[in-house]
Amino acid sequence: VYVSGTTNEGTTHATEVTKFTPQGQWGENFPGLIGTYSNRFGEPAGAESTGGPVATLSDGSILIAGNASLIGGGHGLLIVHLSSGGTLDSSFGQHAGYSIIDASDPGSPTSFSYADDIVVGPDREIYVVGNTYDAAEEQELMIARFTPTGGLDFTFGSGGVKRIQLAGAGQRSWGSALALQ
C-alpha cells in the first residue's frame with residue numbers, strides 16, 4: 001500500500017511517498033524514516049513539489065504524479081518513477097527519475113499544471129489527468145500521455161497534451177479521475 005502526499009519543510013513543500021504493508025504496518029525495504037521517501041523535485045533543483053496520485057506497475061515499481069516549481073515561476077506537471085525499493089529510476093524522465101512539464105496552453109500568461117489522477121495503459125503508456133490554464137488564463141481540463149520512459153508522447157494531443165475547455169467563458173473546468181477502456 002502506497003500513500004503519496006506533501007510535507008512542509010519550512011517554507012517549501014516536498015513530495016512524499018510512504019509504504020505500508022496490507023496490515024497497516026510501515027513498509028519494509030523502503031528508504032527513509034519509517035518507510036517514507038521524500039524529495040523536492042522542483043526547478044531549479046531542490047525547489048518545492050507536491051505529491052498526488054500513485055500508480056503501481058507490474059514489476060512493483062510506482063509512479064507518482066503531482067506538481068513542481070518551474071524555472072521562471074508557476075508550477076508544472078510532475079511525474080516520478082520509483083523502484084519497488086523506493087529509489088529513483090535514473091533511466092526514467094528528463095531528470096534521471098522524474099519529468100516536469102508545463103502543460104499550460106502556450107498562449108497562457110500563467111504556467112500552472114496539476115495532476116489529479118494517473119493511470120498506466122496496457123503498453124505501459126502513462127496517462128495523467130488534471131488541470132491547467134488556457135490562453136484566456138482560465139482553468140481547463142488537461143490530459144497528458146507519457147511514454148514508458150517518462151517522456152511526453154508527441155503522438156497524443158498537441159505535443160503530448162490534450163487541453164479541453166468544458167465550461168463557458170469566465171468558468172473553470174478540470175479533470176479529477178481517469179479510467180481506460
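In what order do the strands of the open sheet that contains β8 stand? The order is β8-β9-β10-β11, and the pairing is antiparallel.

## Basis of the model

This is a predicted model, in which local features need pLDDT of at least 70, side-chain atom pairs count only at pLDDT 80 or more, and totals for chains, interfaces and linings use all residues. Residues are numbered from 1 along each chain as its sequence is written, and side-chain values use heavy atoms, with hydrogens and water left out.

## The sheet from β8 to β11

Strands are DSSP runs of E with at least two residues, numbered from the N terminus. Two strands pair if DSSP finds at least two bridges between them. The sheet β8-β9-β10-β11 is open and has 4 strands. Its edges are β8 (113–120) and β11 (161–164); each has a single partner strand, so one side of each is left without a neighbour in the sheet. The twist averages 20 degrees from one strand to the next. For such angles, axes are lines fitted to C-alpha atoms, and angles run from 0 to 180 degrees between N-to-C directions.

β8 pairs with strand β9 (residues 126–133) in the antiparallel sense, over 7 bridges. Valine 119 has tyrosine 127 in β9 as its bridge partner.

## The sheet from β4 to β7

Another open sheet consists of 4 strands in the order β4-β5-β6-β7, with antiparallel pairing. The edge strands, β4 (49–56) and β7 (98–101), each pair on one side only. Neighbouring strands here are turned by 20 degrees against each other on average, direction ignored.

Inside this order, strand β5 (residues 62–69) and strand β6 (residues 75–82) form an antiparallel pair over 8 bridges. Alanine 65 stands opposite isoleucine 79 in β6.

## Glycine 5

Glycine 5 is part of strand β1 (residues 2–9). Leaving aside residues up to four places away in sequence, glycine 5 touches Ala14, Thr15, Glu16, Thr50 and Gly51, where contact means heavy atoms within 4.5 Å. Glycine 52 is 47 residues from glycine 5 in sequence, yet their C-alpha atoms are 5.7 Å apart in space.

## The cavity

The structure holds 1 cavity of 30 Å³ or more. A cavity is a set of points on a 1 Å grid over the protein atoms alone, where a 1.4 Å probe fits but cannot get out; lining residues have an atom within 4 Å of a point. The largest cavity has a volume of about 40 Å³, a volume being the space filled by probe spheres set on the points, which are joined across faces, edges and corners.

The lining consists of Leu57, Leu63, His81, Phe92, Val120, Arg124, Ile126 and Pro148. By class, 6 are nonpolar, 1 is polar and 1 is charged. Ala, Val, Leu, Ile, Met, Phe, Trp, Tyr, Cys and Pro count as nonpolar, Asp, Glu, Lys and Arg as charged, and the others, Gly among them, as polar.

Terms used: 1 Å grid on protein atoms, 1.4 Å probe; cavity = no way out; pocket = protein on both sides within 12 Å on 5 of 7 lines; lining within 4 Å.
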